[in-house]
Protein chains: 2
Amino acid sequence: MRWAPDARGRLQGAALELFSEQGYSATTVPQITARAGLTTRTFFRYFADKREVIFGGDEIPERAAHLIAEAPEELEPMGVIRLVLHRVATEQFEGYRKQTAAVRAIIHANDSLRDRDARKRDDLVRAARTAFIERGESPLRATVVAELGILVFQVALDEWAIDEESRSMTSVIDAVMTLIAGVSP
Amino acid sequence: MRWAPDARGRLQGAALELFSEQGYSATTVPQITARAGLTTRTFFRYFADKREVIFGGDEIPERAAHLIAEAPEELEPMGVIRLVLHRVATEQFEGYRKQTAAVRAIIHANDSLRDRDARKRDDLVRAARTAFIERGESPLRATVVAELGILVFQVALDEWAIDEESRSMTSVIDAVMTLIAGVSP
DNA sequence: CAATCGATGACATTTCGTGTCATCCTATAA
DNA sequence: TTATAGGATGACACGAAATGTCATCGATTG
């Protein structure tokens, strides 16, 4: 069966299955690769470690940075945030609420995955910060704006994922931004 | 040399020495325990894993939650945040800028430690969120306020740690809060 | 059909982290 | 002073994570 297509995708699929069947920590890499018809060594060629298999790639930080750079120059930072988050939500998440909720549940149930998830958030902050600096913001201001933007994204994502009424993610984003504006003064 | 005092402290000291001498990932647990005069097994009795040795304990989330609960009832959420952060800064950090900067540098230089550091931040958010819910805030509002508070703390901590002019951490906190108020509308 | 090159397998190894039981130290009381 | 209970440490084994190295397979190209 060598050379069957999409090794990476098969590994991700097998891993998600096993994680929801047995839990994350009870699942070993050899189990994953056995189900995918590959070897342990091959797993670590596609993913730096066992945690990475549950997170996508680095598309989101790249996409976010690109969208920040492309946003209209005259827009205020928080306007940029709103614009970018709406687009990311629409492109990457809207329509995948159930799957997103399932993955979020696996992550929240395991400390090791919470570690990694939290760093992914920080990676996103860094990418956004760099993009805002290139828009001419001062470093500290860029840090704050980037942190605020990813705060909105993260809170809205988890809120939307567990929401039974199926609000759109964009409306949840707006709700969170309104809340921030209300408490910040 | 069995029963020499402060095994935990000796392990932390030996670990920090070795991390700054050789880097974090090049340092093995047996090396740490050899320098501390203990065994590998004992290391893992004090610390859940190799990363934990560089982070304190859980005092800060507990202290923060306690301070939030004790804050005057009539205070607005962001007023509570300011009050609590000023006290934590004064009690736990002021006067230890160099040591803090050294530890932050080790953390920022290693992905595995960045993972853990990011989750520690999330633990702090959760503790603060619970405390705000007990003050009567709605869950979503509590989430946003807690996230904002820890955002201020984290940004101010890293900014203060690398600041050569030795501003007080409380003044950095105020500066960050002012910045947020300025961009959020 | 042969040569080439990337992807995978096979194997060995190091380190992390945990379970288990024996052994040592300290404290408390007789 | 001695006995003993209980917590802390050592000793040992082991599974799983992660990585290095080299062989081997298969598709592509000419």
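**Architecture and interfaces of the predicted model**

The secondary structure of chain A consists of nine helices and zero strands, where helices (H or I, at least four residues) and strands (E, at least two) are DSSP runs numbered from the N terminus. The model is predicted: local features need pLDDT of at least 70 and side-chain atom pairs count only at pLDDT 80 or more, while totals for chains, interfaces and linings use all residues. Residues are numbered from 1 along each chain as its sequence is written, chains are lettered from A and ligands numbered from 1 in the order in which they are written, and side-chain values use heavy atoms, with hydrogens and water left out.

Along the sequence, chain A reads α-α-α-α-α-α-α-α-α. Its C-alpha atoms occupy a box of roughly 55 × 35 × 25 Å, taken along the principal axes. Chain A is divided into domain 1 (7–54) and domain 2 (59–183), with bounds that come from an automatic or database domain assignment. The centres of the two domains of chain A, taken over C-alpha atoms, are separated by 27 Å. Eight residues from domain 1 of chain A and eight residues from domain 2 of chain A form the contact, contact meaning heavy atoms within 4.5 Å.

Between them, domain 1 and domain 2 of chain A bury about 780 Å², 61% of it on carbon and sulfur atoms; buried area is the accessible area (1.4 Å probe) that two parts lose on being put together, summed over both. On the side of domain 1 of chain A, Tyr24(A), Arg51(A) and Ile54(A) lose the most area to domain 2 of chain A, together 62% of what that side buries. Three salt bridges are counted between domain 1 and domain 2 of chain A, a salt bridge being a side-chain nitrogen of Lys or Arg within 4 Å of a carboxyl oxygen of Asp or Glu. The side chains of Lys120(A) and Glu52(A) form a salt bridge (3.1 Å, N to O).

Over all chains, the count comes to 44 salt bridges.

Chain A is superposed on chain B by a rotation of 180° with 0.0 Å of shift along its axis (RMSD 0.1 Å). This is the relation of a two-fold axis. The superposition is by least squares on the C-alpha atoms of residues with pLDDT of at least 70 in both copies. Of the interface residues of chain A, 97% are also interface residues in chain B, so the copies meet through the same surface.

At this interface, 29 residues of chain A are in contact with 28 residues of chain B. The area buried between chain A and chain B is about 2,900 Å², with 63% given by carbon and sulfur atoms. In chain A, Arg114(A), Asp115(A) and Val183(A) lose the most area to chain B, together 21% of what that side buries. Between chain A and chain B, 10 salt bridges are counted; in one salt bridge, the side chains of Arg121(B) and Glu147(A) meet at 2.9 Å, N to O. Helix 7 (111–134), helix 8 (139–161) and helix 9 (169–183) of chain A are the elements that give two or more residues to the side of chain A that touches chain B.
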